[in-house]
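User: I'd like to go through this structure piece by piece. Can you put it up and start with the terms?

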Amino acid sequence: MVYIFSTLTGGQDYCLYERISNGNVILKKKISINGGANVANKKLYTPKGVVTSVSDEDYEVLKQISEFNNHVARGFLKVQKTKQDADEAVH
């Protein structure tokens, strides 16, 4: 199990596409990562990060998607093998 900590305001769908023999492109896999960091809710609490757990297999797929890698490189997403409080993880 892999835990992805997000500081993105909105959730993200990361999609892996495959080109088939006739030249068309099909959606092979879609993985959703929760958003909602820094958004006030009814209690006016604004968490600094939101956690999503993904399987090891899905994480291997995510590593193939350039948009996911860009978000990790820019610090919007942090990947860990162990779960912890999201506020601690994103610092």
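Analyst: A contact here means heavy atoms within 4.5 Å. This is a predicted model, in which local features need pLDDT of at least 70 and side-chain atom pairs count only at pLDDT 80 or more, while totals for chains, interfaces and linings use all residues. Residues are numbered from 1 along each chain as its sequence is written, and side-chain values use heavy atoms, with hydrogens and water left out.

User: What share of the contacts with a separation of 6 or more is between residues 24 or more positions apart?

Analyst: That share is 61% in the protein.

User: And which elements are there, in what order?

Analyst: The protein has three helices and five strands, and from the N terminus the order is β-β-β-β-α-α-β-α. Helices (H or I, at least four residues) and strands (E, at least two) are DSSP runs, numbered from the N terminus.

User: How much of the protein is buried?

Analyst: Of its 91 residues, 31% count as buried. Buried means under 20% relative accessible area, exposed means over 50%, and partly exposed is in between (1.4 Å probe, protein chains only).

User: Strands next. Which strands does strand 1 pair with?

Analyst: Strand 1 (residues 2-6) runs antiparallel to strand 4, with five bridges between them. Strand 1 also pairs with strand 5 (residues 77-80), again antiparallel, over four bridges. Two strands pair if DSSP finds at least two bridges between them.

User: Which residues are bridge partners there?

Analyst: On the strand 4 side, Val-2 is partnered with Val-54 and Phe-5 with Val-51. On the strand 5 side, Tyr-3 has Gln-80 as its partner.

User: Is strand 1 buried or exposed?

Analyst: Mostly covered: five of its five residues are buried. Val-2, Ile-4 and Ser-6 point one way and Tyr-3 and Phe-5 the other, and all are buried.

User: And which residues make up the covered face of strand 4?

Analyst: In strand 4 (residues 50-54), Val-50, Thr-52 and Val-54 form the covered face, and Val-51 and Ser-53 the uncovered one.

User: Changing topic: which residues touch the most other members of the largest nonpolar core?

Analyst: Ile-4, Tyr-14, Ile-33, Val-54, Leu-62 and Phe-68 do, in a core of 14 residues. Strand 1, strand 2 (12-19), strand 3 (25-33) and helix 1 each supply at least two residues of this core, and the largest share, three residues, comes from helix 1. A nonpolar core is a set of buried Ala, Val, Leu, Ile, Met, Phe, Trp, Tyr and Cys residues joined through side-chain atoms within 4.5 Å. In soluble globular proteins, nonpolar side chains tend to be buried together.

User: What does Phe-68 touch?

Analyst: Leaving aside neighbours within four places in sequence, Phe-68 is in contact with Ile-4, Tyr-14, Tyr-59, Leu-62, Lys-63, Leu-77 and Val-79.

User: How many aromatic pairs are there in the whole structure?

Analyst: A search finds two. In one of them, Tyr-14 and Phe-68 sit edge-to-face, 5.5 Å centre to centre with 85 degrees between the planes. Tyr-14 lies in strand 2 and Phe-68 in helix 2, so this pair ties together parts that are 54 residues apart in sequence. Tyr-59 and Phe-68 also form an edge-to-face pair, at 6.4 Å centre to centre and 80 degrees between the planes. Rings of Phe, Tyr and Trp (its six-membered ring) pair if their centres lie within 6.5 Å; planes under 30 degrees apart count as stacked, over 60 as edge-to-face and the rest as tilted.
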